[in-house]
Amino acid sequence: MIIKVLTIAGISLAITAGIALGLVASQKPRDLVGGTGGLDFDRLMGAGAAPLPVQEAPLRDGSKTLVRHLEGPEGAPLVVLVHGSGWDGGQFDGMAAELAQVADVLAPDLRGHGAAPDRRGDVDYVGQMEDDLADLIRAYRRDENQRVVLLGHSSGGGLVIRFAKGANRALMDRAVLLAPFVQYDAPMQRPNSGGWAQPLTRRIIGLSMLNMAGITALDHLVAMQFRMPDAVLSGPQGHRATTAYSWRLNKGYAPRRDWREDVGSLPPFLLVAGREDEAFVAEGYEPEFTKYTGEGQYLLLEGVGHLDVVNDAATLAAVKDFLTHG
């Protein structure tokens, strides 16, 4: 009887794996150069801020990442700025200088991103970026009594939401979410984030099936691409762009599938989004989030899009006030 059960289980596993592998093999990354859609990176790169100096910071696995670190006044919180998909911590050059008036500021390049990552667009395991943030918090906070605020934009906001329910959640006292990504089917999501994100859907389904069967050997395969403007890729900063993510990086850069529990685990937070956001429906955040948490403050800005929300004067004023009094 046991042999029969094991045989049936083995056959079922083999069939599932075969279907999954077929899905993975049926879809490969595309050449997106010259396509249309996506986000206007001029609003991000044209902020006019002088680049901040960078330094190397060690991580637990012996690798290093680049960070920008500014010290604020005595007794101020530590604010860790978590960048969005496709770019690096230099996204916050302007904001960091402003926030240093009221906080210690740290803006890292997330693993797999920036000018010279070990492996662009990939990590070793799904939760590694959360562990990296935890390492950086422990390395840069002045002492264990210093309050820690994680501020994330877009996918970076999604990572902050994920962090709130992860193993390192006790390290975060407050959060700031700037137009955060929640999940592809969340109520505030526009299709493919307004054309910016190009998922390899069949491959994602296949890799998810393999992971459910305990097979992770193909998690390094590309599962998400981004429609980065040609002007960025061919420009002087094009080497900093990351245009594709592995399955495991993409999965770990967002709230869990049960994102409602992640949202419900957030500490007191401020959420800011622009009403002209091309990737998400800004008006959808508050009515949805308040179903699962009463910890949030919400601010919607007129005439502001997805990328320019970071350096908008009203955003900076609201974040400073939240860091000081929130």
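Start by selecting Thr-65. Setting aside neighbours within four places in sequence, Thr-65 is in contact with Gln-55, Glu-56, Ala-57, Leu-59, Asp-109 and Leu-136, where contact means heavy atoms within 4.5 Å. Thr-65 belongs to strand β2, residues 64-70; helices (H or I, at least four residues) and strands (E, at least two) are DSSP runs, numbered from the N terminus. With a relative accessibility of 10%, Thr-65 counts as buried. Here buried means under 20% relative accessible area, exposed over 50%, and partly exposed in between, using a 1.4 Å probe and protein chains only.

Now show the Thr-65 side chain and look towards Asp-109: the side chain reaches the backbone oxygen of Asp-109 at 2.5 Å. That is a polar contact, a pair of N or O atoms within 3.5 Å; within protein, one must be able to donate a hydrogen and the other to accept it, and residues adjacent in sequence count only if both atoms are side-chain atoms.

A word on what you are viewing: this is a predicted model, where local features need pLDDT of at least 70 and side-chain atom pairs count only at pLDDT 80 or more, while totals for chains, interfaces and linings use all residues. Residues are numbered from 1 along each chain as its sequence is written, and side-chain values use heavy atoms, with hydrogens and water left out.

**Next stop: a cavity**

The structure holds two cavities of 30 Å³ or more. On a 1 Å grid over the protein atoms alone, a cavity is a set of points where a 1.4 Å probe fits but cannot get out, a pocket is an open set with protein on both sides within 12 Å along at least five of seven lines, and lining residues have an atom within 4 Å of a point. Grid points are joined across faces, edges and corners, and a volume is the space filled by probe spheres set on the points.

Ala, Val, Leu, Ile, Met, Phe, Trp, Tyr, Cys and Pro count as nonpolar, Asp, Glu, Lys and Arg as charged, and the others, Gly among them, as polar.

**Along α4**

Which helix gives the most to that lining? Helix α4, residues 128-140, with three residues. Select the whole helix: eleven of its 13 residues are buried, so α4 is mostly covered. Among the buried ones are Asp-132, Leu-133 and Leu-136. The end C-alpha atoms of α4 are 18 Å apart, which agrees with the 18 Å its 13 residues should span at 1.5 Å a residue; the expected span is 1.5 Å times one less than the number of residues.

**Over to the largest pocket**

Helix α7 supplies the largest share of the lining, four residues. By class, the lining divides into 18 nonpolar, eleven polar and five charged residues.

Helix α5 (155-163) is one of the elements that supply at least two residues of this lining. Nine of the nine residues of α5 are buried, so this helix is largely enclosed by the rest of the structure.

**Two loop residues**

Step back to Ser-154, in the loop between β5 and α5. Its phi is near 60 degrees, a positive value in a residue other than glycine. Most residues other than glycine have a negative phi. Ser-154 counts as buried at 8% relative accessibility.

Then pick Ala-179, in the loop between β6 and α6. Ala-179 also has a positive phi, of about 45 degrees, and is buried, with a relative accessible area of 0%.

**Last stop: α12**

Finish with helix α12, residues 313-325. At its start, a side-chain oxygen of Asp-312 reaches to within 2.9 Å of the backbone nitrogen of Ala-314. Buried residues in α12 include Leu-316, Val-319 and Phe-322, and what covers the buried residues of this helix includes β3 (78-82), α3 (93-99) and β10 (269-274).
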